[in-house]
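The following paragraphs lead through one protein model, from its overall form to single residues. The sequence and the coordinates are shown first.

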Amino acid sequence: MQKRNQKFKNSLQMVLLRLKDRVTLKKVELYWEGEKEILPADKKNPGYLLASNTRLPLEQLPQYLEKKLGNREKATVKIIERGSTVKLELLPGDVKMEITTQDEPSTHENSPEPGTRQNFIRSGEAGELLKTLGIMTPDGKIKADMRRKFFQVDRFVELIDELIENGPLKEKLTVLDCGCGKSYLSFVLNYWLTEKKRLPCKIIGIDDNPEVIASSQKIQQQLGYHNMEFRQEKILDFQSSAPVDMVLSLHACDTATDEALALGLHLSSSYIIAVPCCQAALHGKIDFHPWEGICKHNIFQNRLADVFTDGLRVAALEARNYRVSVVEYVSPLETPKNIMLRASRGYPQPGARTNYQQLKAKVRGTVPLENFLKTLEHGKKS
Ligand SMILES: C[S@@+](CC[C@H](N)C(=O)[O-])C[C@H]1O[C@@H](n2cnc3c(N)ncnc32)[C@H](O)[C@@H]1O
């Protein structure tokens, strides 16, 4: 039993390491001798489960499970994430682990089975939108090659909704989607806010590619979404006489993520939400010398540079009184570019400016976001 329990603990640690900071965790289910216990994820506090009126940090799950199941001959633990389930089966003398991924049902009028992924945007209800966007086939199925895109956009909208629900802006919202591309995110967000949530909003999409803007304008007309506007424009050229409450960017390439972050800061937007595509901004500016023994492997150096780039972006936002949460908004199986930075204005943190200054001093030359901010400031003055 002791050997089995140790193996169980090790497997669990492995799963938890993967889950750390992941907002995709839905719940943990325990089954033993005909009994069942469900520990739902605490939506407001990623990294916690709700267990009999207490909040259980994920790190303490192994101890909790050992106490509950350690002396049972057989038991099952299911760790259910959006899109995948890890099943750990405790058997006499052994532990079996099984990972399954679920497909998205095209409609879900019935409650899904535990572990079945349920989209935030109900595809059965949003048929007209999804068909017009080319995400759904005429007979109501999500197209195989659009599943990933739909899932990412759906998660993005779900996490925006969470921010709005917990934030001060609940009456009218102006949203700017930077590098909107074909604007799947903007359209699905508009559908959610106006048709489902009944929250008046204006959504502006900008992109420097004229073709995607023309295609977005055509879809906008087809859908009759008069509160949306699409402009062929560079992010740094954006001008607005009215306040912009939320600045978004999803996989905006090259320097566009930093441009969008800088624009959000420049506009003092209440929310800035970015899923970076390229984190190469600081490559060549970081002194990896102290880490030569590790960075002799290029892949390690590249990953470190990615972390430093996103870390500095977060520190820059924090230094300007934003509270930032960093989450894996979808599983890396959906896209390796799965880090989302969600920033809300109005949360000064002691030491945040000093922290940022100290971090900046460790980077050779200037940080791209700062340069873009200067450009925007300069434009404002001239
Ligand atoms: C990878 S696509 C992502 C599109 C969309 N956000 C999505 O997730 O489907 C990146 C888009 O950013 C646009 N883009 C890149 N740099 C830009 C800039 N400086 N100003 C405006 N648009 C830009 C590109 O034209 C492209 O359409």
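Helices (H or I, at least four residues) and strands (E, at least two) are DSSP runs, numbered from the N terminus. By this assignment the protein has eleven helices and 14 strands. The model is predicted: local features need pLDDT of at least 70, side-chain atom pairs count only at pLDDT 80 or more, and totals for chains, interfaces and linings use all residues. Residues are numbered from 1 along each chain as its sequence is written.

The overall dimensions come next. The radius of gyration is taken over C-alpha atoms, and the globule rule is 2.2 Å times the number of residues to the power 0.38. For 382 residues a compact globule would have a value near 21 Å, and the 23 Å of the protein agrees with this. Along the principal axes, the C-alpha atoms fill a box of roughly 75 × 60 × 40 Å. Two residues are in contact if their C-beta atoms, placed from the backbone, lie within 7 Å; of the contacts with a separation of 6 or more, 64% join residues 24 or more positions apart.

An automatic or database domain assignment supplies the domain bounds. The protein is divided into domain 1 (2-101) and domain 2 (127-381), and the centres of the two, taken over C-alpha atoms, are separated by 33 Å.

A residue is near a molecule if its C-beta atom, placed from the backbone, lies within 6 Å of it. Of the 21 residues around the ligand, Gly179, Gly181, Asn209, Leu250 and Ala256 come nearest. Two or more residues of this shell are given by each of α5 (184-196), β9 (201-207) and α7 (256-266).

Burial is counted from C-beta atoms placed from the backbone: a residue is buried if 20 or more others lie within 10 Å of its own, exposed if 12 or fewer, and partly exposed in between. Of the 382 residues, 36% count as buried. Helix α5 is mostly covered, with ten of its 13 residues buried, among them Tyr184, Phe187, Tyr191 and Trp192. The expected span of a helix is 1.5 Å times one less than its number of residues; the 13 residues of α5 should therefore span 18 Å, and its end C-alpha atoms, 17 Å apart, agree. After α5 comes Arg198, whose phi is positive, near 55°.

Ala214 lies in helix α6 (residues 210-223). Ala214 counts as exposed because it has 12 C-beta neighbours inside 10 Å.
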